[in-house]
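Below are my notes on the model, as numbered points. Please read them alongside the coordinates.

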Amino acid sequence: MSPRQSIRGMHDILPDQSGAWRRLEAKVAQLFDRYQFKEIRVPIVEHTEVFTQAIGQSTDVVEKEMYSFSDRNGDSLSLRPEGTAAVVRSVIQHGLLNPPGLKVWYQGPMFRHERPQRGRQRQFHQFGAEVFGLETPSIDAELIAMVERLWRELGVAEHIRLEINSLGDPEDRRQYRQQLIDYLEPFESQLDADSQRRMQSNPLRIFDSKVAQTQAIMANAPRFDTCLGDDARAHFRSLTETLDALGIQYTINPGLVRGLDYYCRTVFEWVTDDLGAQGTVCAGGRYDGLVGMAGGKDVPGIGFAMGAERLLALLALCGDTPEPPVAAYFVGGVERATLMTAAEALRDALPDLAVGVDLPGGSLKSQLKRADRAGARWALIIGEQELADGTVLVKDLRSDQPQRHVSRADLAQYLASQ
Ligand code: ATP
Ligand code: MG
């Protein structure tokens, strides 16, 4: 631990990485626009109860992963470990639940004190969406279709598969919980310590255990669908029928339980085998009781969150190739002020073009080298000759087109036409 290093599990996003981040962020923002979601931005710190109450006491996140601290007033605050609880707090506080059907999305850093490893950080980033007030399974399907579209348009669809399950309604879950405890009791001493602890508090979570022997025991556990009530069963059937109609492939995974307490009915995850053990890229589900529990009207809710780092890692594996840079870079043996004036005029004319000026100066050769390193497509050369003629010598650094003189007045138009 050194004060000169970033905190373990919290990473800098460096200049050569931020381009990929911004491309992804732009793509995701556009996707949400296309499905009529509006962005909501909530603080990264909340009262600790916002999370403990929503996420549930006996979950990994609340038991051991939260960054909680008391502020100077003695209030217990926490860095947000996830987005949903904070968004629920916000939409209740601002009375946004009427009319039903609010669709919001968010993005940003989340904080969990986990053991850092590949695909698992202490500060990581999520994109997420929440919909409030819609009971119909069509919205479950629309959320899934939207995320599927993202995978297709990013070119990663082949590497990700969708798993779905239903966790039923609260009464179904109570019944199932008992069945599971009855099944597990004879195996209790063979379960790992965490799972033994969860036997009474939250036995469904034992499905999430990564311990092989526990997993083997859970493989033969009774399945939830025997306890699904009629309403939850009809909801799930309607969802699968809509997914079939939309041509979306899925597998039903009866062991899919999700880590947070608030889920009910539909849960879903997209998983990849290409990222090692941390293969869940996006996960979500229904949380019909959460808004009521958090002090709002008793309206249903559904949402998901995707891990930006895992998605970017997958994109890198799939050969995400950035667009070739389009930039221009002024060089030449005249005053820097002359180059800067020409650059300002070009920025006025072409707001989308990145324009650099070689500030160190020196030999033309070293200036051109820096133009190349700056990722410029064009070197725009102004020497004594060009200054006298009112021209610029345009050199395309990315092709072997011959260089040519263009008048200063026509420069923007010429570059735009290339
Ligand atoms: P996991 O089983 O991997 O711990 P989780 O159930 O805790 O996941 P969620 O709370 O559902 O995860 O978060 C949604 C997504 O956010 C995950 O699918 C993953 O892509 C990402 N994510 C969660 N925790 C981390 C982390 N510590 N580092 C990086 N990404 C994460
Ligand atoms: Mg986790």
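1. Ala-379 stands opposite Lys-395 in strand 15. The two belong to an antiparallel pair, strand 14 (residues 378–381) and strand 15 (residues 391–396), joined over four bridges. Strands are DSSP runs of E with at least two residues, helices are runs of H or I with at least four residues, and both are numbered from the N terminus. Two strands count as paired if DSSP finds at least two bridges between them.

2. This is a predicted model, in which local features need pLDDT of at least 70 and side-chain atom pairs count only at pLDDT 80 or more, while totals for chains, interfaces and linings use all residues. Residues are numbered from 1 along each chain as its sequence is written, chains are lettered from A and ligands numbered from 1 in the order in which they are written, and side-chain values use heavy atoms, with hydrogens and water left out.

3. Axes are lines fitted to C-alpha atoms, for helices over the stretch in contact, and angles run from 0 to 180 degrees between N-to-C directions; contact means heavy atoms within 4.5 Å.

4. A second open sheet has eight strands in the order 1-5-6-11-10-9-7-8, again with mixed pairing. Strand 1 (38–39) and strand 8 (251–252) are at its edges with a single partner strand each, so one side of each is left without a neighbour in the sheet. Strand 7 (residues 161–166) and strand 8 run parallel and are joined by two bridges, with Ile-164 opposite Ile-252. Helix 1 (residues 15–34) packs on the sheet, touching strand 5 (102–111), strand 6 and strand 11, and its direction makes about 5 degrees with that of strand 6. Helix 5 (residues 137–154) also packs on the sheet; among the strands touched are strand 9 (264–271) and strand 10, and the angle between the directions of helix 5 and strand 11 is about 20 degrees.

5. Which residues are closest to ligand 1? They are Arg-112, Glu-114, Gln-121, Arg-258 and Thr-280, out of 14 residues that surround the ligand; a residue counts as near if one of its heavy atoms lies within 4 Å. By class the shell divides into four nonpolar, five polar and five charged residues, where Ala, Val, Leu, Ile, Met, Phe, Trp, Tyr, Cys and Pro count as nonpolar, Asp, Glu, Lys and Arg as charged, and the others, Gly among them, as polar. Strand 6 (123–132), strand 10 (280–286) and strand 11 (301–307) each supply at least two of the shell residues, and the largest share, three residues, comes from strand 10.

6. Polar contacts to ligand 1 (pairs of N or O atoms within 3.5 Å) include one from a ligand oxygen atom to a side-chain N or O atom of Gln-126, at 3.0 Å. A polar backbone atom of Thr-280 is 2.9 Å from a ligand oxygen atom, and a backbone N or O atom of Gly-307 is 3.3 Å from one. The protein covers 88% of the 590 Å² of accessible area that ligand 1 has on its own, by the Shrake-Rupley method with a 1.4 Å probe.

7. Two backbone details deserve a check. Asn-98 and Pro-99 are joined by a cis peptide bond, with omega about -10 degrees; Pro-99 is in the loop between helix 4 (84–93) and strand 5. Gln-36, in the loop between helix 1 and strand 1, has a positive phi near 60 degrees.

Conventions
A polar contact is a pair of N or O atoms within 3.5 Å; within protein, one must be able to donate a hydrogen and the other to accept it, and residues adjacent in sequence count only if both atoms are side-chain atoms.
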